[in-house]
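Open the model in your viewer and keep the selection panel at hand.

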2 protein chains.
Amino acid sequence: MISDKMKDLVKNNSVIREMFEEGKKLQKLYGKENVFDFSLGNPSVPAPKKVKEAIIKILENEDPCFLHGYMSNSGFEDVREKIAESINRKFGTNFSAKNLIMTVGAASGLNIVLKSIINPGDEVINFAPYFSEYNNYIKNYDGIVTVVSANLETFEPNLEEFKNKINSKTKAVIINTPNNPTGVIYSEELIKKLVKILEEKSSQIGHPIYLISDEPYRELVYDGAIVPYVTKYYKNTFVVYSYSKSLSLPGERIGYVIVPDELDDSNEMIEAITIANRIIGCVNAPSLIQRVIPYCLDIQIDLKEYDTNRKLLYKILTECGFECIKPQGAFYLFVKSPIPDEKEFCKTAKKYHLLFVPCSSFACPGYVRIAYCVPHTMIQRSEDAFRKLAKEYFY
Amino acid sequence: MISDKMKDLVKNNSVIREMFEEGKKLQKLYGKENVFDFSLGNPSVPAPKKVKEAIIKILENEDPCFLHGYMSNSGFEDVREKIAESINRKFGTNFSAKNLIMTVGAASGLNIVLKSIINPGDEVINFAPYFSEYNNYIKNYDGIVTVVSANLETFEPNLEEFKNKINSKTKAVIINTPNNPTGVIYSEELIKKLVKILEEKSSQIGHPIYLISDEPYRELVYDGAIVPYVTKYYKNTFVVYSYSKSLSLPGERIGYVIVPDELDDSNEMIEAITIANRIIGCVNAPSLIQRVIPYCLDIQIDLKEYDTNRKLLYKILTECGFECIKPQGAFYLFVKSPIPDEKEFCKTAKKYHLLFVPCSSFACPGYVRIAYCVPHTMIQRSEDAFRKLAKEYFY
């Protein structure tokens, strides 16, 4: 009696979540200290102290009926205005409150954008490797998932293949930079090339191809890397943002969607997305945490711990003989499996209590994702396990 | 370029929200004190002090990575266990953590239930008058909305018509008691009759017809009225609950879905609903406010204010000559329009700065909804306006 769409999903439940359960099982068997779970993207750096201070201050000062009550489906107007001003200061954009819709995290942001643009049969392009939940979001609205295969040298989009896969059914393309799972950041040069294709093809097929920029990792960058602000390059861009990583609040479900004035039919689109926010069941982003954001506009979590983790784990892995690109952002290492079947590799790793995510689920088989948003001491303790694992393949 | 489904919605944007904007406009023109906005179901009684105390206590004591981090998509297990125990104590049920999925309010609860059971073309029955958002939720999954017309005497379901409208495509029926917009509570006797029909028809058509009980107003009852706990009468029941009204936290988006063990394929259904919670974009109910709930299990807002409002407004309305049933629950009065076209009546009311919701949008034309979740003083101040409005029709 379960709907057909959900039946398939129940059958193929998310690999990442399965790993999560598996990790808990191993911890029970061998003790928490002896299991090295690198499978989940759950932040290990705590939220800035300012978050707690802001919550308490707000509770002390604001009327509870207002604070915990309904507001416009797009969120508190003063909160949106302050976020818009902060984005404008940082990126030289020109947004105001009306261009922002506060959302229940980036996941619901993506859903309300897709619901507002997809008709059944429309195609949405993804660049492998990519977060497999996009598939579910697209299918929620009977869209078709189109995959552009990974460029295994740079892990930047394969633009020639992209160009060839665009057709009259193409409605949007999703980018995610800094990228989950590779940590790669798309350069300004690449964005410009991508935009050129989008503009040419949009005019060729006679309707805009939207660029959906999923940016939960925008602030998680290392070595001074720069993440271009995509609305400045292409007018038909939706920005989907979340405070999950920049403020370490993934459980609180707080983010926003930006619809620039320059986007075609912008006002109507803003209304559609606001209604979608209501009718998919979110109604509005959680109210108290919305009001916390203006207190935290110019702060973010301490990146040092992730950066230290990144350097140490990269060093361990490459010294062991594993192949991986040094990530510029996010908190993942994208590692080539020493054998073609990376699921088999993950099974072997489990012998040493090492948990990774096999990247078949990111449309990039032969690779694994190793999340380094973990306590630094766990990485230190895991070194021996990595060496033993390497021995199975390299020595 | 907006999707067809959303295009229609943009065109016919929610009447309630329009009223909300209209109210703000009138307030600007005539001053807040001189506008009597009875259109919105936004609680006017503040959240219990315990909510604030609990938030501060939790912030002081819990690790921020845990508190604000991801958890299982169904919510924190300890929170669900405590809620289950509390429901069991109150209603003699037998739930445990696994039967509860924490949700982003009741709206997302309804969505994840409907997503998990509806195939395109399946029918869902609603008893008029009912909250029109149900239509959007059902259509999100390409379900067909079937309406059983209102019983204008009792505003309880019209069971004969219900029986006749069930067919092999019928997947579910939604009930909402205490009811928005009538304030009516379905008696045990009525629930038993309804269940008898569901059982007979389910076995006739060869598959279960689910009963979806939307219960955000469960605790808002007056004069000692009793709201039967529906899972005790019918095994294929989903309970959809929200703390929006009982704790005055509608903006925080916190509620749950209950899937009893007795429901057919219960375990698979729990998994489907949990996955649906993830993929519609909620991922999980907001984490901090989840952890607040165990501190507030045995408390609720002070009902006296609503009750006092109910009595005064009922007195004013009936003294003026308006016809309405005395509500047993929720915070609405369901008033018969003195003229058949209730939208015209609402326009006339606006002349006196009185704002109601015309109930065509609740599938019950000829009636208006007057929400009394407003400051008591506003009701007192509005008396004169009601008398003037009555004069237009009765004297």
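In which loop of chain B is the place of B:P178? Select B:P178: the loop lies between strand 5 (170-175) and helix 9 (188-205) of chain B. Helices (H or I, at least four residues) and strands (E, at least two) are DSSP runs, numbered from the N terminus.

Before going on, note that this is a predicted model: local features need pLDDT of at least 70, side-chain atom pairs count only at pLDDT 80 or more, and totals for chains, interfaces and linings use all residues. Residues are numbered from 1 along each chain as its sequence is written, chains are lettered from A and ligands numbered from 1 in the order in which they are written, and side-chain values use heavy atoms, leaving out hydrogens and water.

**Cis bonds**

B:T177 and B:P178 are joined by a cis peptide bond, with omega about 0 degrees. Now select B:N180 and B:P181. Their peptide bond is also cis, with omega about 20 degrees. Most peptide bonds are trans.

**A positive phi**

Go to A:D142, in the loop between helix 7 and strand 4 (144-148) of chain A. Its phi is positive, about 60 degrees, although A:D142 is not a glycine. A:D142 is partly exposed, at 28% relative accessible area. Here buried means under 20%, exposed over 50%, and partly exposed in between (1.4 Å probe, protein chains only).

**The interface**

Show both chains. In contact (heavy atoms within 4.5 Å) are 78 residues of chain A and 78 residues of chain B. The buried area is about 6,400 Å², and carbon and sulfur atoms give 57% of it. That area is the accessible area (1.4 Å probe) that two parts lose on being put together, summed over both. Select A:M1, A:H68 and A:Y70: in chain A they lose the most area to chain B, together 13% of what that side buries.

Next, select B:R278 and A:E133. Their side chains form a salt bridge at 2.7 Å, N to O. The rule (side-chain nitrogen of Lys or Arg within 4 Å of a carboxyl oxygen of Asp or Glu) finds four across this interface.

**The cores**

Finish with A:I212, A:F238, B:I212 and B:F238. They have the most contacts inside the largest nonpolar core, which has 80 residues. Such a core is a set of buried Ala, Val, Leu, Ile, Met, Phe, Trp, Tyr and Cys residues joined through side-chain atoms within 4.5 Å. A second, separate core of 66 residues includes A:F95, A:Y229, B:A47 and B:V292.
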